[in-house]
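Good morning. Please have a look at the slide, and then I will go through it part by part.

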Protein chains: 2
Amino acid sequence: MAVPTPHPTMTDDWRDDDGALRSDIVEAVTSAVASNDAARLKDLVGEAHEADMGDLIAQLDTEDRRKLVELLGADFDFAVLTEVDETIRVEILEDLPAETVAEGIAELDSDDAVSILQDLDEEDRSEILEKMPAVERVALKRALDYPEDSAGRRMKDDFIAVPPFWTVGQVIDHLREADDLPDDFTEVFVIDPGYHLQGHIRLDRLLRTKRPVTVTEIMEEEVRTVEATEDQQDVALMFERYNLLSAAVVDEAGRLVGVLTVDDIVDVIEEEADADIKALGGVKPEEEISDSVWTTAKGRFRWLFINMLTAFIATTVLKSFEKQLETMVALAVLAPIVASQGGNAATQTMTVAVRALATHDLGPHNALRVIGREALTGLINGTAFALIIGVVAGFWFSLAGLGVVIGLAMVCNLVAGALAGILIPLGLAKLNADPAVSSGPFVTTVTDVVGFLGFLTIATWWFKI
Amino acid sequence: MAVPTPHPTMTDDWRDDDGALRSDIVEAVTSAVASNDAARLKDLVGEAHEADMGDLIAQLDTEDRRKLVELLGADFDFAVLTEVDETIRVEILEDLPAETVAEGIAELDSDDAVSILQDLDEEDRSEILEKMPAVERVALKRALDYPEDSAGRRMKDDFIAVPPFWTVGQVIDHLREADDLPDDFTEVFVIDPGYHLQGHIRLDRLLRTKRPVTVTEIMEEEVRTVEATEDQQDVALMFERYNLLSAAVVDEAGRLVGVLTVDDIVDVIEEEADADIKALGGVKPEEEISDSVWTTAKGRFRWLFINMLTAFIATTVLKSFEKQLETMVALAVLAPIVASQGGNAATQTMTVAVRALATHDLGPHNALRVIGREALTGLINGTAFALIIGVVAGFWFSLAGLGVVIGLAMVCNLVAGALAGILIPLGLAKLNADPAVSSGPFVTTVTDVVGFLGFLTIATWWFKI
């Protein structure tokens with residue numbers, strides 16, 4: 001049987017099987033840019049999706065990016081800038097005259113325009129806004145007045161709203177005839193004259209209803225709404241929880257001001273997960289792979305400095321046992337195992353705790369139970385490794401007592417690590433600090449100090465040194 | 001001015017300002033369950049969204065969960081089971097007769113049914129499938145034949161497809177009259193008699209077009225398609241990249257078999273990020289906060305065991321310098337700082353590398369540049385901490401030479417750590433192993449060994465001990 005070729009998709013054109021950009025495309029574009037061949041360049045990238053174009057730009061060097069934007073001129077789609085790292089975005093924008101940027105941004109959806117403008121410094125932003133048409137300027141300024149990372153910054157201010165007394169026929173005619181409608185939409189909002197939300201109608205419902213039926217008869221009154229000032233992370237949790245495609249955004253007076261769609265929320269979820277992963281690894285959330293060496297080094301220095309301070313605390317503990325370490329060098333050799341095993345167990349607990357706090361799976365209702373579970377888990381694994389490491393150490397140094405000492409220290413440190421791993425994130429969350437960012441150094445300090453102190457104290461007492 | 005109350009949303013009813021379930025709701029339900037009051041229970045939870053109901057069930061104890069499901073009887077919505085942890089899901093399902101489960105699952109969308117069935121063991125699954133109507137059984141069996149975590153397992157097999165020669169009027173009449181349509185949909189697919197995809201039409205487009213226009217005139221020919229066997233993570237990347245609301249799923253012969261919607265993909269993104277965070281923290285992705293102590297301890301043991309082995313390697317290095325440690329106990333006190341500072345720097349690099357590999361921001365096109373950047377970053381921060389820690393150590397132990405030695409060791413270890421942090425994830429990815437899962441122990445081994453070995457070798461040479 002002949003197997004028909006699957007319908008070609010746009011993705012197939014620019015990407016290989018792994019979803020990476022094809023290198024021959026990148027090379028063709030680079031060579032068109034190098035030879036200043038605007039016609040060939042437009043031919044190559046004319047139909048490209050903004051996301052593909054963004055990935056392409058990310059792979060060019062700074063000079064080629066500048067030239068590419070220049071060669072494309074008015075054909076350069078500013079939506080591409082929402083798809084690249086902030087470093088690249090700012091680099092490109094700084095090179096362009098404010099008029100060009102104002103024109104390019106005016107063509108975008110409000111949420112894309114905001115996401116580009118919010119990264120610029122105050123002065124550049126004002127200059128660009130001044131060059132924009134008044135309607136867009138006012139709308140963008142209002143959006144930028146909402147707090148960073150709020151629903152108001154992410155929403156589109158373009159939506160379809162109809163009065164409750166219209167019929168389905170009137171709504172359909174309005175959709176057919178109006179020419180200032182948003183590009184794509186999945187629902188129609190129903191509002192009163194004061195812009196207060198009365199309900200919404202999904203497009204499939206509208207399509208399946210006869211023309212004479214009134215809007216009130218088919219609208220769903222219960223609409224998921226978010227306040228414009230609400231944090232994007234909370235909004236994302238709501239979208240996930242209720243599998244929403246969109247939500248209405250209202251101002252503090254309950255008036256409909258915009259709509260949030262799930263494709264924006266997908267970005268939020270990705271960003272927030274990214275921020276948590278980086279925070280746990282000691283990297284600033286804003287670090288990007290296109291950052292310069294200097295920016296990267298500076299950003300990471302702070303975390304390493306804090307860790308150094310906690311390491312000094314552990315060192316002070318070790319130093320106070322100098323006599324014992326001198327008397328019995330085996331203690332110096334084995335002490336790091338106790339600390340590191342405790343640190344790893346504590347990191348496991350901390351990871352689970354930080355994650356569960358972020359998804360609201362851990363809260364006052366189950367904190368006690370989870371603390372108990374973690375302590376017990378620490379006790380079980382502490383005992384297991386006490387036996388394994390105790391036996392190994394006893395034989396290795398031909399000294400059974402050493403096995404007993406390291407075993408006892410191991411149990412203590414794994415229980416301490418488990419408690420630190422859960423209590424520190426819980427405490428930080430209670431203080432409204434981000435547990436993902438700050439837990440690490442505290443937790444490691446506990447396991448280093450308890451590891452060294454416990455091991456050497458027990459050893460001092462056991463061997464009477 | 002009187003501020004109108006915002007339109008009440010369903011969320012407001014059950015959740016507090018933080019989005020957590022209200023405790024009085026949980027208490028009311030618990031008491032209704034305790035008093036076997038089915039009527040009151042149905043009254044309380046009758047209108048609840050499956051996600052709220054899932055969170056509620058998670059907060060009850062095992063016995064109350066069982067009773068709640070029993071009291072609700074046929075009113076229990078099996079979609080709730082897609083919203084709880086696997087542990088809870090399996091616990092509830094095991095308690096119910098296969099007939100009840102078969103009936104409950106038959107009412108769900110195919111993707112929800114698959115996600116519930118796939119966690120059960122072979123035997124229970126077959127028993128339930130046998131009790132289902134033939135049509136559903138065949139469809140579910142086919143979906144379960146697709147690989148785990150593939151698009152085919154996530155898709156809905158319910159979609160709207162029309163032939164290309166229909167007019168818009170015919171499509172709308174079909175939508176109005178057919179009664180076996182999916183619950184909600186955002187687009188209509190256009191297929192030939194062999195089920196090969198010709199294009200698609202978004203509902204807004206359909207609504208805005210006059211009845212006599214034919215489907216071919218308004219359909220978009222370019223549809224993002226995925227193969228049913230494709231991995232969900234790749235599919236999620238595609239959704240994110242192109243801001244898709246849905247994608248067509250085709251079989252290996254290019255026939256339309258289902259549709260993937262963005263709300264399913266939101267779950268995939270969340271799960272994959274969750275898996276990466278947990279993997280980096282040494283926790284199995286399937287660990288859940290509702291797991292028993294024993295399951296948790298067992299799951300975490302393996303990672304701790306591997307870390308213990310790497311710690312033993314580092315200990316062997318330390319042990320081989322026993323003579324030097326005895327002669328100069330300051331070396332024993334300071335060695336852990338060198339190792340830990342290198343480990344932390346390496347973790348930073350590794351975190352960024354793992355994340356960039358997952359999002360395809362790191363690949364062959366920029367690997368060399370990123371390796372260079374990381375090595376340089378290691379060199380800069382290595383030098384910075386060499387100076388700081390060198391000076392502190394020199395004064396602390398009143399021995400300038402010690403400062404020089406630890407400084408040199410610090411530079412070596414931070415550069416080694418940076419290289420390990422980038423090369424190990426890259427290497428693992430090349431070998432098709434998940435870098436998030438396996439990088440940690442390798443990276444720590446490098447920084448521990450280079451830290452101890454470097455520091456003690458330099459010390460041996462400098463102090464001639």
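A salt bridge here is a side-chain nitrogen of Lys or Arg within 4 Å of a carboxyl oxygen of Asp or Glu. The background is that side chains of opposite charge can pair when their charged atoms come close. This is a predicted model, in which local features need pLDDT of at least 70 and side-chain atom pairs count only at pLDDT 80 or more, while totals for chains, interfaces and linings use all residues. Residues are numbered from 1 along each chain as written, chains are lettered from A in the order written, and side-chain values use heavy atoms, without hydrogens or water.

Over all chains, the structure holds 51 salt bridges. One of them joins the side chains of Lys131(A) and Glu99(A), at 3.8 Å from N to O. This pair links distant parts of the chain, 32 residues apart. Lys131(A) sits in the loop between helix 9 (122–130) and helix 10 (134–145) of chain A, and Glu99(A) is in helix 7 (residues 98–106) of chain A. Helices are DSSP runs of H or I, at least four residues, numbered from the N terminus.

Now the two chains. How many residues does the contact take from chain A and from chain B? It takes 131 from chain A and 132 from chain B, where contact means heavy atoms within 4.5 Å. The area buried between chain A and chain B is about 12,100 Å², with 65% given by carbon and sulfur atoms. Buried area is the accessible area, for a 1.4 Å probe, that two parts lose on being put together, summed over both.

Between chain A and chain B there are eight salt bridges. In one salt bridge, Arg300(B) meets Glu374(A) at 2.8 Å, N to O. By class, the side of chain A that touches chain B has 62 nonpolar, 32 polar and 37 charged residues.

How are the copies related?

Last, the domains. An automatic or database assignment gives chain A domain 1 (10–149), domain 2 (161–280) and domain 3 (293–463). The centres of domain 1 and domain 2 of chain A, over C-alpha atoms, are 28 Å apart. Four residues of domain 1 of chain A contact seven of domain 2 of chain A. Between these two domains of chain A the buried area is about 470 Å², and the salt bridge count is zero.

Methods. Ala, Val, Leu, Ile, Met, Phe, Trp, Tyr, Cys and Pro count as nonpolar, Asp, Glu, Lys and Arg as charged, and the others, Gly among them, as polar. Helices (H or I, at least four residues) and strands (E, at least two) are DSSP runs, numbered from the N terminus.
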